[in-house]
Amino acid sequence: MPATTAIAAANQFLKFAQAEPQFAFDQMKLQKLLFYTHAWHLAYDRGPLFENDFEAWPWGPVIRDVYMQTKDAGRNRVCNYLTEVRWDRPGGPISGAPDGVDDPETREFLKSVWDTMKAYTGIQLSNSTHAPGEPWTLVAQALGTSGKPMISNTLIRDVFKAKLGAQPANPTA
């Protein structure tokens, strides 16, 4: 089961950015922070951070739902909390803006990624997702980006596990 939702993680990054306004925080940076946090979560065998799939868009990995809620910011700072629809009530769906991530361990994991990457711009982080051997690059080379194909969690995990110097887990073992 995922540790959180992409929207809650995005709102947690927004809180970190509000506490340190000297660091840029546009929609591109938010997308890449979500990608790297999810990737490292997978690499450390913690499973998916959230259920949302990343798609290979021209400027790197993107979660469509997050994009739809932040696109109006353009290259400007993302300032508004994102909302999500939940189906956890018998009366039907409810929507709201989660106040970040509830689980302290998951919140600390996001904070470690924020602290490592906060000084980078969205463009710099996007450029790093385009490096040879990165999940986005492998999918873009194989399928292109015009159809915005999904980047599988298996591919993300395997690439980032290799960065740790570990071999991917053997699914048949």
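Start where Pro-135, Leu-138 and Val-139 of helix H6 touch Leu-155, Ile-156, Val-159 and Phe-160 of helix H7; a contact here means heavy atoms within 4.5 Å. Sorted by type, the residues of this contact come out as seven nonpolar, no polar and no charged (Ala, Val, Leu, Ile, Met, Phe, Trp, Tyr, Cys and Pro count as nonpolar, Asp, Glu, Lys and Arg as charged, and the others, Gly among them, as polar).

Keep in mind that this is a predicted model, where local features need pLDDT of at least 70, side-chain atom pairs need 80 or more, and totals for chains, interfaces and linings use all residues. Residues are numbered from 1 along each chain as its sequence is written, and side-chain values use heavy atoms, leaving out hydrogens and water.

Back to the helices: H6 spans residues 135-143 and H7 spans 153-163, and they pack at about 130 degrees with axes 9 Å apart. Axes are lines fitted to C-alpha atoms, for helices over the stretch in contact, and angles run from 0 to 180 degrees between N-to-C directions. That angle makes H6 oblique to H7, the label for whatever isn't under 35 degrees (roughly parallel), over 145 (roughly antiparallel) or 65 to 115 (roughly perpendicular).

Now the sheet. It is open, with three strands in the antiparallel order E2-E1-E5; strands pair if DSSP finds at least two bridges between them. Helices (H or I, at least four residues) and strands (E, at least two) are DSSP runs, numbered from the N terminus. E2 (60-62) and E5 (150-151) are the edges. E1 (residues 54-57) joins E5 over two bridges, and Phe-54 has Ile-151 as its bridge partner in E5.
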